[in-house]
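Please look over the sequence and the 3D view shown here. The report below then walks through a few sites, one at a time.

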Amino acid sequence: CSSRRAILYVPGDDIRKLNKALSLDADCIVMDCEDGVATNRKEEARVTIRQWLDEGRASNSTSEWSVRVNSVESDLCKEDLQTVLGGANKPPTLLLPKVESKEHIQWHMGGCQKINLIMYIESARAVVNLPDICRTAEQLSSTAPLKPAALVFGSDDLCANLGVTRSDNGTEILYARQKLVLVAKAFHLQAIDMRVQVLCFDNIPDLDGLQRQCEAGARMGYTGKQVIHPVQIPIVQQAFMPTAAIVEWAEGLIAAFQEHQKLGKGAFVYKGSMIDMPLLRQAENIIKLVSSNTKV
Ligand SMILES: CC(=O)SCCNC(=O)CCNC(=O)[C@H](O)C(C)(C)COP(=O)(O)OP(=O)(O)OC[C@H]1O[C@@H](n2cnc3c(N)ncnc32)[C@H](O)[C@@H]1OP(=O)(O)O
Ligand SMILES: CC(=O)C(=O)O
Ligand SMILES: [Mg+2]
């Protein structure tokens, strides 16, 4: 299946935006019950999402239509799950915000079926407990119906929790951003990067800033990013797809590696760099990324 490069939030109570999302090419649409929905509209969001699923509104869409419920600690989560999962058409993926401990995962692993699980890491406690959270999710998934699929870096809530204000490049949360990607890789989870802070200057979308931030995230090992507006989708999708030049380099390297193996050479020079097994693996990762990002 294709990986999630652009993950678009749509407030679950906003029918106009849900309809709009049908015409967009986001890899994953997040129908939100959480922070994009006003407190007095939570019920409206749940019911709208349930209806949307019941009516199979997105059945022809190539996007993955997922749902972000409210957090375990919010007192809204149980009702969200009952409504959102309480019909025949279940969302393929559930996003759990503000996961802070293995107990939160154990709470969720209780009662639903064969659904991908995406966990938000967005507090100091969550960053500290991250390996424990992932290990618990992995262990429980062998018997429970939720399948851990990805970690989301919730930079906005993390900043609120840390008592800092986010800068555009996010140096104040760099450690957490790097830790998340490292732990995600250790547990074979996709790492989904933070959303951009600045949307536009003088009403003109800051797409260059978005592009730069995607490239920085991709260099760290992230393979997708959260977006909140349609205009951001193609920039993110392109930034998380290796360029033609990189693919050509990787293909050439793999071919040269095979030739040198036949000659009994484990190390050789290709386009000015020393190549051995780890470089082969890096090149293979690029080819895998291209095929997982190509929708069929
Ligand atoms: C920290 C977090 O948790 S992030 C997640 C929570 N936040 C969100 O979910 C916010 C999602 N985004 C939005 O709601 C909107 O983009 C806003 C409120 C920021 C701006 O909305 P608008 O003022 O309507 O933006 P704008 O006028 O530029 O929109 C252009 C078109 O795109 C649509 N659109 C904008 N955002 C979205 C979206 N997220 N999903 C689908 N369609 C959208 C608008 O409805 C509009 O469509 P129309 O021309 O058919 O009316
Ligand atoms: C996206 C999100 O939930 C956050 O940044 O807090
Ligand atoms: Mg959040």
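## Buried or exposed

A residue is called buried when its relative accessible area is under 20%, and exposed when that area is over 50%; anything in between is partly exposed. Glu122 has a relative accessibility of 5%, so Glu122 counts as buried. Keep these cut-offs in mind for the rest of the report. The model is predicted.

## The magnesium site

Which residues supply the protein donors of the magnesium ion, ligand 3? They are Glu122, through OE, and Asp157, through OD.

Glu122 is buried at 5%. Asp157 has 22% relative accessibility, so Asp157 counts as partly exposed.

## Around ligand 2

Glu122 and Asp157 turn up again here, among the residues that surround ligand 2. Others in that group include Tyr9, Arg68, Tyr120 and Gln226. Gly154, Ser155 and Asp156 also belong to it.

An N or O atom in the Arg68 side chain is 3.0 Å from an oxygen of the ligand. For the side chain of Glu122, the distance from a ligand oxygen is also 3.0 Å. Asp157 takes part through its backbone: an N or O atom there lies 2.9 Å from a ligand oxygen. Taken alone, ligand 2 exposes 220 Å², and the protein buries 93% of that.

## Around ligand 1

Ligand 1 has 15 residues around it. Tyr9, Arg16, Arg68, Ile228 and His229 come nearest. A polar backbone atom of Tyr9 is 2.8 Å from a nitrogen of ligand 1. The Arg16 side chain has an N or O atom 2.9 Å from an oxygen of ligand 1. Arg68 brings a polar side-chain atom to 3.0 Å from a ligand 1 oxygen. Taken alone, ligand 1 exposes 950 Å², of which the protein buries 63%.

## The nonpolar cores

In soluble globular proteins, nonpolar side chains tend to be buried together. Here, the largest nonpolar core holds 60 residues. Which members touch the most other members? They are Leu8, Met119 and Leu151. Helix H8, residues 174–186, gives the largest share of this core, with five residues.

Take Leu151 as an example. Beyond its neighbours within four places in sequence, Leu151 contacts Met119, Ile121, Leu130 and Cys134, among others. Leu180 and Ala184 are also on its contact list, as are Leu189 and Ile192. Another core, of twelve residues, lies apart from the largest one. Its members include Val247, Leu253, Ala256 and Ile286.

## A buried arginine

Is Arg5 buried or exposed? At 9% relative accessibility, Arg5 counts as buried. Arg5 lies in the segment before strand E1 (6–11). Beyond four places in sequence, Arg5 touches residues including Asp27, Thr223, Phe240, Met241 and Asn293.

## Two lysines with positive phi

Lys98 has a phi near 50°, a positive value in a residue other than glycine. Lys98 is in the loop between strand E4 (93–96) and helix H4 (102–108). Its relative accessibility is 24%, so Lys98 counts as partly exposed.

Lys271 is not a glycine either, yet its phi is positive, at about 45°. The loop between strand E11 (268–270) and strand E12 (273–275) holds Lys271. With a relative accessible area of 65%, Lys271 is exposed.

Key:
Residues are numbered from 1 along each chain as its sequence is written. Chains are lettered from A and ligands numbered from 1 in the order in which they are written. This is a predicted model: local features need pLDDT of at least 70, side-chain atom pairs count only at pLDDT 80 or more; totals for chains, interfaces and linings use all residues. Side-chain values use heavy atoms; hydrogens and water are left out. Helices (H or I, at least four residues) and strands (E, at least two) are DSSP runs, numbered from the N terminus. Buried means under 20% relative accessible area, exposed over 50%, partly exposed in between (1.4 Å probe, protein chains only). Contact means heavy atoms within 4.5 Å. A nonpolar core is a set of buried Ala, Val, Leu, Ile, Met, Phe, Trp, Tyr and Cys residues joined through side-chain atoms within 4.5 Å. Donors are N, O and S atoms within 2.8 Å of the metal (3.2 Å for Na, K and Ca); water is not among the atoms, so sites may look incomplete. A residue is near a molecule or strand if one of its heavy atoms lies within 4 Å of it. A polar contact is a pair of N or O atoms within 3.5 Å; within protein, one must be able to donate a hydrogen and the other to accept it, and residues adjacent in sequence count only if both atoms are side-chain atoms. Accessible areas come from the Shrake-Rupley method with a 1.4 Å probe; for residues, only the protein chains shown count as cover.
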